Amino acid sequence: MLKRSLMAVSTAALLSGMGVPVFAETPFDGPTAGPAAAEGKSIVVVAGDLKNGGILGVTNGVEEAAETIGWDLRVLDGAGSIQGRTAAIGQAVALNPAGIIINGFDAIEQQAALEGVTGAGIPIVAWHSGPKIGCDAPGGIFANVSTDAMTVSEVAAEWAIKDAGDGAVGAIIFTDSTYQIAIDKADRIKETIERMGGTVLEYVDTPIADTSSRMGPLTTNLLQKYGDQWTHALAINDLYFDFMGPALAAVGISSADGPQAGSAGDGSEAAFQRIRTGNYQTITVAEPLNLQGWQLVDELNRAIQGEACSGYITSPALVTQEGLANLGDSNQFDPDSPYRQAYSAIWGK
């Protein structure tokens, strides 16, 4: 059974608080029992693309947790390409680790490579490997760690409706059809906006890995096509907005006057900084990336020892400039809960 976080409040509650309450101190609502640490293990993280702030944040959490549990860790970077990820999986198998974490790419894309992992008897846990969250995900994955992606999408879409007011939103949605979960998230954003009376001007499919070269020209073309009709830019990942702002600035459009940008995940440090300074991004629906890194290590410890997966699902936070005022200088959604202590206690560390 999936255990949903007590912080997983409704989208309406997240919106009414505009991102402030989720940063308050909360008890840890994840697992309280599980196997003690398996000793002397070596594991590998295969990262989809370490230039992606969400993937990097999760990797940092895994590194922190691996040090606590006492495991050796190797991180391999797929560098944003299908071929790079395939090669990294092959390299990971050759290292003969006790377990592998696939971080931030679709299991379907790498089906053949992952069959090699399971064929070698190496347990796999994942972050954002596909639409099925929790235990026994496709591709031989013991646990797929994520927030509820559909909740994340609905929060972003409902924020845009509320921000525009009176159904006046004219949204352009950015997604990447390389990933099934990205398609599902974008579809839910579109459905939510249209159900609430807003307009989706265009649905743009452009690879996350190519945002540095594509987003500038795309932004300019969309401005020429839609002008003031374009009120909100919504994306399935913060990385798109790393490169939209400079294109808007280049044509003399300020952050306040241009399309208001909101991301349905993941809550990168760059996105937090843009939101904090009012610099071409208004909100992100962030995941607790560091906590999820710890959860990945815990799930892998369970898999290595033949125990059941925890079924824990973390919850997102709507991050606004107002909410960030409560975080000091931090540029990460890291819940104020004792999750490190809880997992350390489970592992006997």
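A disulfide here is a pair of cysteine sulfur atoms within 2.5 Å. With that cut-off, a search of the whole structure turns up 1 disulfide. A word on the ground rules: this is a predicted model, in which local features need pLDDT of at least 70 and side-chain atom pairs count only at pLDDT 80 or more, while totals for chains, interfaces and linings use all residues. Residues are numbered from 1 along each chain as its sequence is written, and side-chain values use heavy atoms, with hydrogens and water left out.

**The disulfide**

The partners are Cys135 and Cys309, with their sulfur atoms 2.0 Å apart. The pair links distant parts of the chain, 174 residues apart: Cys135 lies in strand 6 (residues 134-137), and Cys309 sits in the loop between helix 10 (289-304) and strand 13 (312-313). Helices (H or I, at least four residues) and strands (E, at least two) are DSSP runs, numbered from the N terminus. Which hand does the disulfide have? The torsion about the S-S bond of Cys135 and Cys309 is about -75°, so the disulfide is left-handed. Cys309 has 15% relative accessibility and counts as buried; buried means under 20% relative accessible area, exposed over 50%, and partly exposed in between (1.4 Å probe, protein chains only).

**Helix 4**

Now to helix 4 (residues 111-119), whose buried residues are Ala113, Leu114 and Val117. Seen down the helix axis, these buried residues fall within an arc of 95°, so they line one face of helix 4. That arc is taken over the directions from the helix axis to the C-beta atoms. They pack against helix 3 (82-94), strand 4 (99-103) and strand 5 (124-127), where contact means heavy atoms within 4.5 Å. On the face turned away from the buried side, helix 4 carries the exposed residues Ala112 and Gly119. Just after helix 4, Gly121 takes a positive phi of about 75°.

**The whole protein**

The protein has 12 helices and 14 strands. Its C-alpha trace spans about 60 × 40 × 35 Å along the principal axes. With 349 residues, a compact globule would have a radius of gyration near 20 Å, and the protein agrees with its 20 Å; this radius is taken over C-alpha atoms, and the globule rule is 2.2 Å times the number of residues to the power 0.38.

Here are some shares for the protein:

| Quantity | Value |
|---|---|
| Residues that count as buried, of 349 residues | 56% |
| Contacts with a separation of 6 or more that join residues 24 or more positions apart | 76% |
| Accessible surface of about 13200 Å² that belongs to carbon and sulfur atoms | 50% |

The accessible areas come from the Shrake-Rupley method with a 1.4 Å probe; for residues, only the protein chains shown count as cover.
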